[in-house]
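Please keep the sequence and the model at hand while going through the numbered points.

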2 protein chains.
Amino acid sequence: MTGDGVGLRVGLSAAILAVTDEQPRVVTVGRSEWGRSDKAALPFGILDAFAHRTLELGLRSWVQELAELVLGYTEQLYTFGDRDRVDRPLLTAAPSEDEERVISVAYLALTREAESEGGDGVDWRDIYRFLPWEDGRGEQPSRSRQLALDAIGRWCRKPRARAERERREERAQFAFGLDREVWDSEKVLERYELLFEAGLVAESDPDGSSWPDGGFSSRPMAADHRRILATALGRLRAKIKYRPVIFELMPEQFTLFELQRTVEALAGLRLHKQNFRRLIDRGGLVELTGGVNAQTGGRPAKLYAFRRDVLRERRAPGVGLPGQR
Amino acid sequence: MTGDGVGLRVGLSAAILAVTDEQPRVVTVGRSEWGRSDKAALPFGILDAFAHRTLELGLRSWVQELAELVLGYTEQLYTFGDRDRVDRPLLTAAPSEDEERVISVAYLALTREAESEGGDGVDWRDIYRFLPWEDGRGEQPSRSRQLALDAIGRWCRKPRARAERERREERAQFAFGLDREVWDSEKVLERYELLFEAGLVAESDPDGSSWPDGGFSSRPMAADHRRILATALGRLRAKIKYRPVIFELMPEQFTLFELQRTVEALAGLRLHKQNFRRLIDRGGLVELTGGVNAQTGGRPAKLYAFRRDVLRERRAPGVGLPGQR
DNA sequence: AGAGTAATGCTTAAACTGAGCATAAAGCAA
DNA sequence: TTGCTTTATGCTCAGTTTAAGCATTACTCT
């Protein structure tokens, strides 16, 4: 434990999210200079020991430089340091002889795609390309979710030892809610980890050729970036329930239905319209601006704006998805 | 941002918590070899790059070695990397010429004090010695909480610029809930940060002499360890609401009232007895063992044990403090 | 036996949730 | 203009959950 720290590097990665056209999106830097394959990667960089006073300040200025993005809400997600879950080529063009180890501190940041300049190598991608089973807005259940459920079911029954089967069953139950229909939208990371362990999604992909993914066409990401993305989505889904971060993703003015669509995009499920609107205005989260949006196709919708005072009034102002108990 | 990482070290720290005699406690290694002053420090060590496959495994084995403790639930808390909030002497006996920077990955771990062997330099301390304003179980409001509130109130009114006053007011409102009586037990870190910024509690203490603490006798800790402790307490308070981690702190069998006392100790507040018990057994969290505890002074209390099956049945099994909305 | 002390059981009003019906205000076509 | 379609918005209702407190039970101690 008390080695001298040689061969250790600290990196920062960022999952920078936005919601555009009812799709949650993430900034990637998929240029092939970054790795062997053309897999998408999150913005990633090695931390300079002295450039910045705090990690978060370092992140902000580095992202600003990279992508000319203005980050809104930012939060640290997790620090990953597993030895066996990184692609070498991403980090050092020549994998060093002495197997340098990288600790990466991952951040979640919110912004608006429309407002971004879109720097050089910056691409926005739909996050459900990487985690398709997380989008449950379409048919019930969606094709790729059903595939995931089936595959996990098989994985649970595979082992010989009964104890092992039960262990798997319990974890699957927890993450996917197998027999009962309780799908907890927040357990994104738990589901991803399970799919990963079950060999259903690939993370590292040294060959750049075979992407085992059990039938649903999910895209891998470089290194352990898909895990970071899963962490980010799970965290954000939890966060919107008790903190008004959703407004970081909205334009200045919006209709309640647009707000609902944005929440649904993140949560990956559909909400009851009337109840959603009741929750929002009984929560004091928004105020009328006076304007209307007549482009609805029906009765024009009133425009609202985030009501900042709610921060002083309520302890945990958020949007509250159904079935929270 | 793309420096070469020289001068960067990664450390692990652990806030190892237990509840003993209705007091939340934490493992410290207060021996003076660790620093100049006799301030308590959390277990802390520099990470050896290759010893362990994952950070958490590294933590477990290192703690095991240090303190002969068996850790139960463990979770990563946060990675701290602020430049100006560490004591030098704690990290390297001789502060290096080139100002080595330390990134420390902090963990929360739960255990039972009674079961610990108590290794060499290991001391258990009441956590409310370090964060006295967080304990609201006594009179309402407690002396040190009132002192904190007063001091924060003064701090809010201090600045000349009105904008600054309002900024402070908003943060204070958020963390302490000033005029209304909403004290959110989870916002431990937010309160600590505010007190720190207001100069009411000291973190680093180079001289080892002056501990400004605005009247309430709170103890500092080495380096930024008190911040880590605050993070740990806040996280744990949140966690018990939706995850049955409280049982990691309980003996095998217990009465509902003992369970309540343990929850109260962590949450820092008193609960309604009948409602607490209703919540617990309607939540399916426990089952009768058949035994009774006759040492109550009144009617003997039935003994209960944690009911593991709840993990399969409920999505977010926890104890739920009042006023959660 | 009677008083004291805690555990345990139960009631009630208020608040909240999930679901759906009903109405309002637009555009569009006959 | 009227009537139809579409979406926004208003409102009701039954089932749950919560906060608070009263009532009863089962022990010990005197």
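1. In this predicted model, a polar backbone atom of Lys302(A) lies 2.7 Å from a phosphate oxygen of DNA strand D. This is a polar contact, that is, a pair of N or O atoms within 3.5 Å; within protein, one must be able to donate a hydrogen and the other to accept it, and residues adjacent in sequence count only if both atoms are side-chain atoms. Bases of DNA strand D are reached as well: a base oxygen is 3.2 Å from a polar backbone atom of Arg299(A), and a base nitrogen is 3.0 Å from a polar side-chain atom of Asn275(B). Helix 8 (273–282) and strand 8 (301–306) of chain A, with helix 7 (273–282) of chain B, are the elements that give two or more residues to this surface. Helices (H or I, at least four residues) and strands (E, at least two) are DSSP runs, numbered from the N terminus.

2. Around DNA strand D there are 23 residues, where near means a heavy atom within 4 Å. Those that come nearest are Lys273(A), Arg277(A), Lys302(A), Gln274(B) and Arg299(B). The surface comprises 6 nonpolar, 8 polar and 9 charged residues. Ala, Val, Leu, Ile, Met, Phe, Trp, Tyr, Cys and Pro count as nonpolar, Asp, Glu, Lys and Arg as charged, and the others, Gly among them, as polar.

3. Chain A contains 9 helices and 8 strands. Of its 325 residues, 54% are buried, meaning under 20% relative accessible area (1.4 Å probe, protein chains only).

4. Is Ser144(A) buried or exposed? Ser144(A) counts as buried because its relative accessibility is 14%. Ser144(A) belongs to helix 3 (residues 143–157) of chain A, and a polar atom of its side chain lies 3.4 Å from the backbone nitrogen of Trp133(A). Between Ser144(A) and Glu134(A), 10 residues apart in sequence, the C-alpha to C-alpha distance is 8.7 Å.

5. On conventions, residues are numbered from 1 along each chain as its sequence is written, while chains are lettered from A and ligands numbered from 1 in the order in which they are written. Local features need pLDDT of at least 70 and side-chain atom pairs count only at pLDDT 80 or more, whereas totals for chains, interfaces and linings use all residues; side-chain values use heavy atoms, with hydrogens and water left out.

Notes. Buried means under 20% relative accessible area, exposed over 50%, partly exposed in between (1.4 Å probe, protein chains only).
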